[in-house]
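Here is a note for a colleague who is new to reading side-chain contacts. Please keep the structure open while going through the points.

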Amino acid sequence: MSQSNSNGQGDILIVDDERDIRQIISDILVDEGYTTRVVATAENALSEVNREAPALIILDIWLKGSRVDGIEVLKSVHRDNPDVPVIIISGHGNIGIAVAAIKEGAFDFIEKPFNIDQILVVVSRAMEVSRLRRENSTLRLREIASSVMLGNSQAFKAMKSRLDKVVRSNARVLLYGPPGSGKEVAARYIHANSGRSTGPFVSVNSASVEPGEMEVVLFGRESAERGHEPGLFEQAHGGILFFDEIADMPFATQSKILRVLVEQQFIRVGGSDRVRVDVRVIASTTRDLKEEIAAGAFREELYHRLNVVPITVPSLEQRCEDIATISNHFIKEFNLRNGFPLRALSEDARCKLQMMKWPGNVRQLRNIIERVLILGPHDQPICPNELVDREHGEDGEAFDLGLEFMALNLRDARAKFERSYLLSQVKRFGGNVSRTAEFVGMERTALHRKLRTLEIVTPGGDGVRVAKGAEGDDSGRDDGLGKDAAQRDTNGAGVPGTPE
């Protein structure tokens, strides 16, 4: 049985074998704006908690008609739902029972007969604790999710291997990679697995702060009106400060950051006292900082201070075989956070994702998955025609051969299809010829010969690139790939060789 109200301050489960007590407590709390559920037995209490955990439980110690007492219910709740506070009540209360209840994790103990004001004060404190615990759990979930590294491709393994080598040091790291590839996730991974994991992780987008405000943002300020306002360096004390897109940092501010890196101290804007900090700095960039230095836009001394350990975060197209794993991770994440349907990827959808272009990288993939879960049917697997991203040139027709084949004879159409098919499969498996051969059903040596014949070159470990066919007679080809087909457009086949 439940009673609700429009204010919805919180859901409270009341467990007492006496009907009058249950009803009195419920009426009091409903009048104060809470939602209540009431049950009489331990078994019903545990069933309600399993169905949907409440924000707070008010629990009687002695429960007639139940197989277990309130202490056992308390133990179960504390084990399975540690963020739910439990207030113990009893008409036979004594110090021993109160101590036992507190030891088992009870928030507080109230002895019958109780007064209304006492109940409301304890409930108010318990509900505030419940709110803070839920917020902390949400923040922990976000922190954990944002530092998760997923993948099995060679590109990913190479990158993660370098990250694992720097997590335990205090060395500064400079992360390179295209927009949306996951540079902040890599920085958070370093933080989560370092000796500074209990300290703060503070991120600043260098392009999002007005140049005139950057020094206040970083170093804080002092004034008679405002007093002491800490900046990001102070906020990151004992942890990590992450500079996202360091190339956008104002040139004048760069020299002051350099000084902090050297001295580990600074003076707040408007202040006179030196502030000492212990901060590890990680920076990222999508640009070539050596070119920025040559253009006079970036300080060479700062570059050398930041570039102690350079690590490249690869594009999504360099790790195509990880796309399904990352997609499934996003599906589960959106289900946990937003209640979106837990849909499976069909095999055709998986293939299409691996063949799409990803100029927006992991961020683009995340957006597509979120849109599909919002707009698509809730009870069916994700299918290829849902994977539309017109913003980046994907119109959902990746598997449609189109009219281009209609103008070719069978021989040339077969050659064109064979080249496109094998190129897509080799790219899909990250340049791994052995896995490609297994999937397409060819012997590895035969596939190697076919790839050379079709001018699809797969250098070891560096992904896929296409060597353009030579002009002239192609009569020596044994696959029927004529001159026109050999010279057809190879755009989009190149995959850079750096890992994510």
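Predicted model: local features only at pLDDT ≥ 70, side-chain atom pairs only at ≥ 80, totals over all residues.

1. Residues are numbered from 1 along each chain as its sequence is written, and side-chain values use heavy atoms, with hydrogens and water left out.

2. Side chains of opposite charge can pair when their charged atoms come close. With a salt bridge defined as a side-chain nitrogen of Lys or Arg within 4 Å of a carboxyl oxygen of Asp or Glu, the count comes to 27 salt bridges.

3. Arg268 and Glu222 meet in a salt bridge, at 2.4 Å from N to O. The pair links distant parts of the chain, 46 residues apart, with Arg268 in the loop between strand 12 (265–267) and strand 13 (274–276) and Glu222 in strand 9 (residues 221–223); helices (H or I, at least four residues) and strands (E, at least two) are DSSP runs, numbered from the N terminus. Arg268 counts as buried because its relative accessibility is 12%, where buried means under 20% relative accessible area, exposed over 50% and partly exposed in between (1.4 Å probe, protein chains only).

4. Arg366 and Glu333 form another salt bridge, with their closest N and O atoms 3.1 Å apart. This pair links helix 15 (residues 361–375), which holds Arg366, to helix 13 (residues 323–338), which holds Glu333, across 33 residues. Arg366 is partly exposed at 25%, whereas Glu333 is buried at 8%.

5. Which residues are linked in a network of salt bridges? They are Asp11, Arg37, Glu48 and Arg51.

6. For aromatic residues, rings of Phe, Tyr and Trp (its six-membered ring) pair if their centres lie within 6.5 Å, and planes under 30 degrees apart count as stacked, over 60 as edge-to-face and the rest as tilted. A search of the whole structure finds eight aromatic pairs. The rings of Phe417 and Tyr421 have centres 5.7 Å apart and planes at 20°, so this pair is stacked. Both residues lie in helix 16 (residues 410–428), four residues apart, about one turn of the helix.

7. Phe429 and Phe439 have ring centres 5.6 Å apart and planes at 50°, so the pair is tilted. Phe429 is in the loop between helix 16 and helix 17 (433–440) and Phe439 is in helix 17, so the pair ties together parts that are ten residues apart in sequence.
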